[in-house]
Amino acid sequence: MGTSHKLVLDDAWEFDFSLVAIHCSLEDYRMVYQLNRSLDMQLTRSRIDLDLKAKEVYARFPLYHYWDEVHYLNYHLVSNSCRAIAQEIMSTDGLFAGREIQGKSYHLLPELPKADYLLRIKSESYAFAKAKLLASINKIPQVITAYEVIVDQLKEKNNLIFE
């Protein structure tokens, strides 16, 4: 009689970062400018956007990054909403067999539909001053509000893995 082995795959991802939701009506490049100015950062657009695929819908979220070498902090700013694109397949075999159709608005974190931006902060060495960061963001005139989000309570937290 053979022995049986049970294979346990632990897919638990450690979410060891802080997340700030920002409510603001600014375009992403203006929000980046205000954050850079207010927080003395240098957020820059990543070469690759955050792409998510759900069924036949593709969603592309602009992604910005800044690595603070002095404090060992890794910042990512991503828009929480975008216009999703659905691919319609046509029956022709020509070069333009498929065409894009604009879809509805899609949220990176559906649990936070009113948040416009998400600022993910990962500390490599020590705790940073979250209260000071939040106060600085909330002082930006165009920001309605900014607050910390408890990542463990989010259903779609896997969408925040983009390294």
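Author: A term is needed at the outset: a cavity is a set of grid points where a 1.4 Å probe fits but cannot get out. The model discussed here is predicted.

Reader: How many cavities of 30 Å³ or more does a search of the whole structure find?

Author: The search covers the whole structure and applies a cut-off of 30 Å³. The largest cavity holds about 30 Å³ of space. The number found by that search is one.

Reader: Which elements each supply at least two residues of the lining of the largest cavity?

Author: The lining consists of S18, L19, V20, F128, K130, L133, L134 and E148. By class, these residues comprise five nonpolar, one polar and two charged. Strand β1 spans residues 18–24, and helix α2 spans residues 130–138. The elements that each supply at least two lining residues are β1 and α2.

Reader: Which residues of helix α2 are buried?

Author: Buried here means under 20% relative accessible area. Within α2, which covers residues 130–138, the buried residues are L133, L134, S136 and I137.

Reader: Why do the buried residues of α2 line one face of the helix?

Author: An α-helix has 3.6 residues a turn, so residues three or four places apart point the same way. The face of α2 turned away from the buried side carries the exposed residues A131 and K132. Viewed down the axis of α2, the buried residues line one face because they fall within an arc of 160°.

Reader: Against which elements do the buried residues of α2 pack?

Author: The order of elements from the N terminus is β-α-β-β-β-β-β-β-β-β-α-β, with two helices and ten strands in the protein. The partners of the buried residues of α2 include the helix α1 (28–39).

Reader: Which element gives the most to the lining of the largest pocket?

Author: The largest pocket has a volume of about 380 Å³. Of the 15 residues that line this pocket, L39, D68, H71, L73 and Y75 are the closest to its centre. At least two lining residues come from each of β5 (63–68), β6 and α2. With three residues, the element that gives the most is α2.

Reader: What percentage of the residues of the protein count as buried?

Author: The protein exposes about 11,100 Å², of which carbon and sulfur atoms supply 52%. Of its 163 residues, the share that count as buried is 40%.

Notes:
Residues numbered from 1 in each chain as written. Predicted model: local features only at pLDDT ≥ 70, side-chain atom pairs only at ≥ 80, totals over all residues. Heavy atoms only, no water. Buried < 20%, exposed > 50% of the residue type's maximum accessible area, 1.4 Å probe, protein only. Helix = DSSP H or I, 4+ residues; strand = E, 2+ residues; numbered from the N terminus. Arc of directions from axis to C-beta. Contact = heavy atoms within 4.5 Å. 1 Å grid on protein atoms, 1.4 Å probe; cavity = no way out; pocket = protein on both sides within 12 Å on 5 of 7 lines; lining within 4 Å. Points joined across faces, edges and corners; volume = space filled by probe spheres on them. Nonpolar A, V, L, I, M, F, W, Y, C, P; charged D, E, K, R; others polar. Areas by Shrake-Rupley, 256 points an atom, 1.4 Å probe, with all protein chains shown as cover.
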